[in-house]
Amino acid sequence: MATKADFIWSHCNRCGHETKHNLIHKAASTRTFEEDDGHHSVDVGTVWEMLQCRGCDDVTMTRVQWTSEDDRQDGPVPPSYFPPRFARRMPEWFGWYKTPREYYDLLGEVYAALNADSRRLAMMGARAVIDVVIQKTVGDKGDFKKGLDALAAANHMSERDVDALATAIDVGHASAHRAHKPTLDDVNVVIDIIERLIHSEILATEAKVVKARTPQRPAKVSKEKP
Ligand SMILES: [Zn+2]
């Protein structure tokens, strides 16, 4: 967050990126604690700021806690946000289409984990989403590999898609069993993979509905040969 002129740059959850914010209100408190030696003291303070996005009017609050012992070379203390900043939002198409309930609920928990920076939980949740897709589409095959092979055999996805899903599943396995904490970039790739998986399933269903209500060209009547 950088202050410039009469506005503050800050991430806006509703806009989904950094925007200019007005500072609506600022409050601060400071307390001084005497050290046991009676010669030194430490100041501890909190600064609250209420910010409003200039783009969408959304309001957020930041809190910075500091002490006089903070090392200035470490740079400014990062603020806490209320409500927390979203690391990633659920795609808008989730609301446009009839997303199956089992996906909606599970993905809601995956995004909640992402926004709390609980990456391992998010990756375990992503693996669970793939499991639900397999169960729903081709039934229980005993393990993930057999499930993915069954999806490919039934033409639900290409070999390239299977490889991408196998990678996403492995990140989930490593997070659950090998204490692996994936990078944010890796997490975003896995979430992209499962979003695409579900998006393509929903679009296939929607396409059938569109086809059913689209008038078809009448079949050509073949002329009888004389
Ligand atoms: Zn905004």
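Okay, quick definition before I start: when I say two residues are in contact, I mean their C-beta atoms, placed from the backbone, lie within 7 Å. And keep in mind that this is a predicted model.

So, helix α4, residues 144-153. Which of its residues are buried? Those are G147, L148 and L151. Looking down the axis of α4, the buried residues sit within an arc of 95 degrees, so they line one face of the helix. Over on the other side of α4, K145 and A153 are exposed. And what covers the buried ones? The cover includes α3 and α5, with α5 running 159-177.

Helix α3, residues 119-138, and helix α6, residues 184-212, meet at an angle of about 25 degrees, and their axes are 10 Å apart. Angles under 35 degrees count as roughly parallel, so α3 is roughly parallel to α6. The crossing of α3 past α6 is left-handed. On the α3 side, the contact is made by R119, A122, M123, A126, V129, I130 and V133; α6 brings V187, V190, I191, I194, L197 and E201. How do the residues of that contact divide up? You get 11 nonpolar, two charged and no polar.

P83 is in the loop between β6, which is 80-82, and α1, which is 93-96.

Then there are a couple of positive phi values in loops. D57 isn't a glycine, yet its phi is positive, about 75 degrees. You'll find D57 in the loop between β4 (41-53) and β5 (59-67). Is D57 buried or exposed? It counts as exposed, because it has 10 C-beta neighbours inside 10 Å, and the cut-off for exposed is 12 or fewer. A179, in the loop between α5 and α6, is another non-glycine residue with a positive phi, near 55 degrees. A179 is exposed too, with 8 other C-beta atoms within 10 Å.

Last stop, L23, in strand β3, residues 17-34. L23 has 15 other C-beta atoms within 10 Å, so it comes out as partly exposed. Leaving aside residues up to four places away in sequence, L23 touches I8, E49 and L51. I8 is 15 residues from L23 along the chain, and their C-alpha atoms are separated by 7.1 Å.

That's my tour, happy to take questions.

Terms used
Residues numbered from 1 in each chain as written. Predicted model: local features only at pLDDT ≥ 70, side-chain atom pairs only at ≥ 80, totals over all residues. Axes fitted to C-alpha atoms, helices over the stretch in contact; angles between N-to-C directions. Helix = DSSP H or I, 4+ residues; strand = E, 2+ residues; numbered from the N terminus. Parallel < 35°, antiparallel > 145°, perpendicular 65-115°, else oblique. Left-handed = near helix turned anticlockwise from the far one by under 90°. Nonpolar A, V, L, I, M, F, W, Y, C, P; charged D, E, K, R; others polar. Buried ≥ 20, exposed ≤ 12 C-beta atoms within 10 Å, placed from the backbone. Arc of directions from axis to C-beta.
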